[in-house]
Amino acid sequence: MESAKNCISSTSRLFHHLNRASRSLLALLSLLLLLLLTYNAAEIFCTHFPLPAKTSPEPASFSPEIVAGESRKWVPVASSVMYAVKEEGPPAIPKTHLHLLRKSHSFEGFTNNSSLKKRRRKRRYPFKILPLEPKRFSARVKEFFGENLSNSSCEVRFFMTWISSLESFGDREVFTIETLFKSHPNGCLVIVSDSLDSKRGMRILMPFLDRGFRVTAISPDFNFLFKKTFAESWFERLKRGNVDPGEVSLGQNLSNLLRLALLYKFGGVYLDTDVIVLRSFLNLTNSIGAQTVDLETKTWSRLNNAVMVFDKGHPLLYKFIQEFALTFNGNKWGHNGPYLVSRVVSRVNGRPGFNFSVLPPMAFYPVDWSRIHGLFRGPSNSTDLKWLLGKLRQIRSQSFAVHLWNKQSRGLEAEDGSIIRRIMADCCVFCNSSAPTL
């Protein structure tokens, strides 16, 4: 009887321990389930902020990241490439990087990618970014000008720059070249342009070559042109992303600097592609033209850089380049162009060592930009005809060139009997094919 009681007691204790163990196991399982639920909830409702990745050793894009309320940040381009863009810059694209697409040995365009790596519509730019061979640009220019020849036939050296697409090089630009060679049949013209330095570009220039005129297009090498000037360090900082290009087209500002560097390195005449040449520049030396004159003081109030004539290594060009590098502002139109040359000349004028001439507005800018449309209009009555003939005589007798102020006159039709139509008849080379619109 006693053994039966002991057996029952032992069994009872065993069930009690088992019951406690099962409760503990259930508690443990419940705890694990609670932890799993907590973890899942954290995965769903919590936001993760990954640490930024290390910078890639590959060349980054050279483009803006524009964020509302923040300053503009720029990512550098590799130092072995050349950067150039279209004159009319594209509108800013918020939170967008423009990445270079490598193809063969050149960069031929840009693709817009968002921070989420979603594909965007490709935007084409007219200038390729080329890794140029050392001294290639310099050698081509010197060979073209015949610097190594004792009997070089280049009477006057001319430079133009073209930073836009080949398709936009139209009748006006071709006609300006016509006028240049009509007045300078023994002159030489180098158009510094990536788009024209191509087979298609040379087809545009071929009619001039067939006539025996000396013209060529050469892609620019900024590293060579800016070397040993203040522009060199500025350009390096630009490529590293330490210069804010601003809102004004960077291509336009690079063109302002490029023309200064070309004249400083080689000497000669720089012309914008909307300048009609009327007579020879042969006797002009170290000259820049006034755009406007103060009516009270009869002195110039603003100069312009659309036409410049300077010897190689001229100290005024050195000052222009220095001013560009030290005071660059990409947010003010004209600050690095016409206003720049005006600032520098006003400071150095009269100092010893600077020998140059400031020509009156009639030399290159006989008509202000706000009145350029008057040159394209034909006479509607005898009064108009009298003014027109008087202005035409004045231009023919006093002007070396006429700046057409491209933005104001582009697309205007040169009406019958207008000053422009009469000048076109005087200055054309391919006269039977000259178009009435410039």
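**Close-up 1. The link of Cys428 and Cys431 is right-handed, with 100 degrees about the S-S bond.** The model is predicted; local features need pLDDT of at least 70, side-chain atom pairs count only at pLDDT 80 or more, and totals for chains, interfaces and linings use all residues. Residues are numbered from 1 along each chain as its sequence is written, and side-chain values use heavy atoms, leaving out hydrogens and water. The S to S distance between Cys428 and Cys431 is 1.9 Å. A disulfide here is a pair of cysteine sulfur atoms within 2.5 Å. Cys428 is buried at 5% relative accessible area. Cys431 is partly exposed at 39%. Buried means under 20% relative accessible area, exposed over 50%, and partly exposed in between (1.4 Å probe, protein chains only).

**Close-up 2. Cys427 takes part in no disulfide.** Its nearest cysteine sulfur belongs to Cys428, 7.9 Å away. Cys427 is buried, with a relative accessible area of 5%.

**Close-up 3. A disulfide joins Cys154 and Cys188.** Their sulfur atoms lie 1.8 Å apart. The torsion about the S-S bond is about -95 degrees, so this disulfide is left-handed. The pair links distant parts of the chain, 34 residues apart. Cys154 sits in the loop between helix 2 (136-145) and strand 5 (157-161). Cys188 belongs to strand 6 (residues 188-192). Helices (H or I, at least four residues) and strands (E, at least two) are DSSP runs, numbered from the N terminus. Cys154 is buried at 15% relative accessible area. Cys188 is buried too, at 0%.

**Close-up 4. The structure holds 2 disulfides.** Counting bonded cysteines along the chain, their pattern is 1-2, 3-4.
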